[in-house]
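Please examine the sequence and the three-dimensional model shown below. The paragraphs that follow lead through the structure step by step.

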Amino acid sequence: MNAAIDRFFDARFGLFIHWGLYSLLAGEWQGQRMDDIGEWIMSYHKIPIRQYEKLAEQFNPTEFDADAIARLARDAGMRYLVITSKHHEGFALFHSKADAYNVVDATPFGRDVIAELAAACRKYDLKLGLYYSQALDWHERDAGGWDDPAYLPPRRPWGNIWDFPDHTGKNFEAYFSRKVLPQVRELLTHYGDIFLIWFDTPRTITTDQSARLYELVKSLQPDCLVNSRIGNGLGDYESLGDNQMPAIPLRVPSESPITLNDTWGYKSYDHHWKDSRDIIGKLTRLAGKNANLLLNIGPRGDGSVPEESVRILKEVGAWTRANQESIYEVRSSPFDHDFAWGSITRRDRQLYCFLDDSRQSRLTINGLDNQVRQVVSLDEEQTLPFTQQRLCDSTSLTISLSPSDQPYPVYRITLDGPAKCSRKIYMQDENRLLLYPHQAQALLGDQRCELSHQIFGGRYKKAGTASISSAGTLIAWSDPQLTLSWDAWVTQTGSYDVKIQLPVQYNQSPRQVNHRLRLSVTDQDGTKQTHWPHVLESGAARAENPLPLREGLCRFTLKLEACDADKEMTLQQIELVLLH
Ligand code: GLC
């Protein structure tokens, strides 16, 4: 499996393609638009199967060009693609003997989309991945999700409870063995080597069913990777949440699916495009944290790819071509945190630094235990001056930069050996200190305790007790007995502005919580405290007063003096910024 995971990281950047009958609707049903992700339109408008099926009779995407899509991916610097072979709507984009509701048997188009993409991938040396929704299927009475009490915002049910409101005798196993297993077998036997299968929304699937599905994949193609959304803690790598950006390097190989606008399936009126700079930033940050980027396009119902997506991918491609050595065949940062200026990847004795702000004139790394031999800017192949001084039991490296006109300029640092980092917490640059939950010592009363780390689909389970999510967030903190403390080396004496960051969830409006939080710090001068207003919004919240800190070792302690009765405390990080 290690070799397959190595191939996964080497591929680094993938194209996600959400395409299906929903693409024809472009986010609108009978004049009604939806304010949600486009591929959910059948559930959102509770469209009866008999009406929705008629879309198949109209599906004739004459603009679909597998070759052009594969070329677009390759030119963007992507090395794999993942297409929705069957999404929750139940319609298959491949020829299936197991179910006639598919692109060959049910549409005038009659071409096997997966076969065409598989051929194009071979031509352009891309690996082929297939998305398959294994638990939800709105075309099927017996499919899952109907028994899930949680309805997604604002109003889309997981299962088809509009055509099938009577749940008596529903039998997920019957659906699973009649459609899911045979279709997954078809996918893994008809289209050559499959790089990965991307399952989704496991919801009600049992452990036994997830395990049978996993075994089936491995029995047919042992090297095919399976993502964690197969459910029940199985899978070979972790699919992060939709549009999730982890704060810290992840403990397991991961991948983040990211939209280019605010939908996966095409919506004609969603013009909320991310720019290429944003995408490059995400690619580099993820690469530094053990995660690939799977970037989505939603072709139209006629098969054409929205021009804005094409433009953004081309711009990203110009950057990936120029900076190849820093993102392919590299591994994540040796540090367990980002830096204020950006992020890092590594290969052997090299570190690659990606700078957020290309006009910055300096870059600082505290806590590197190696000697630096050389620093080179990748865009000009120019050697840069640097200084490296002792700092506590490690070093402080400062590189002088000349402003660059490209987004995310890359600097290659050559070390005297494989990168080694200090275990101490240092300031991330001259005036900022970030404290993350995963670096904290946890105390329950006065006893040391270990916070557990959730991996592999943890977000589908209720946490129960405080733990660290796969994104590095502390979740489910409600026990006032639990305190977090950090020993950090402060490099500048002065007054520090203190902010707490509560995670904001994609697709959810900011929420208000009512917690009483206090941060105290002990340095050579004694102990000082600050606290936060009782009502906090998700996002960043400033503490009531700044903290004066003395250069040297400081111990910070965060206490939850009272917890909101309904909502547990979640913590992304604490940030201290020098005021003057
Ligand atoms: C969610 C949605 C689904 C989408 C997927 C992409 O699970 O239900 O529509 O395909 O995210 O990550």
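A salt bridge is a side-chain nitrogen of Lys or Arg within 4 Å of a carboxyl oxygen of Asp or Glu. Arg212 and Asp208 form such a pair, with their closest N and O atoms 3.1 Å apart. A further salt bridge joins the side chains of Arg141 and Asp142, at 3.7 Å from N to O. Arg141 is partly exposed, its relative accessible area being 31%; the term covers values between the class called buried, under 20% relative accessible area, and the class called exposed, over 50% (1.4 Å probe, protein chains only). In total, the structure holds 40 salt bridges.

The model is a predicted one: local features need pLDDT of at least 70, side-chain atom pairs count only at pLDDT 80 or more, and totals for chains, interfaces and linings use all residues. Residues are numbered from 1 along each chain as its sequence is written, and side-chain values use heavy atoms, with hydrogens and water left out.

The chain is assigned domain 1 (2–327), domain 2 (333–423) and domain 3 (432–578); these bounds come from an automatic or database domain assignment. Between the C-alpha centres of domain 1 and domain 3 the distance is 36 Å. Their contact (heavy atoms within 4.5 Å) takes 28 residues from domain 1 and 14 residues from domain 3.

How much area is buried between domain 1 and domain 3? The value is about 1700 Å², and carbon and sulfur atoms give 59% of it. Buried area here is the accessible area (1.4 Å probe) that two parts lose on being put together, summed over both. On the side of domain 1 that touches domain 3, the residues comprise 11 nonpolar, 9 polar and 8 charged. Ala, Val, Leu, Ile, Met, Phe, Trp, Tyr, Cys and Pro count as nonpolar, Asp, Glu, Lys and Arg as charged, and the others, Gly among them, as polar. Across this interface, the rule finds 0 salt bridges.

The cysteines remain to be considered. The structure holds 0 disulfides, a disulfide being a pair of cysteine sulfur atoms within 2.5 Å. For Cys421, the nearest cysteine sulfur is that of Cys353, 11 Å away. Cys421 is buried, at a relative accessible area of 17%.
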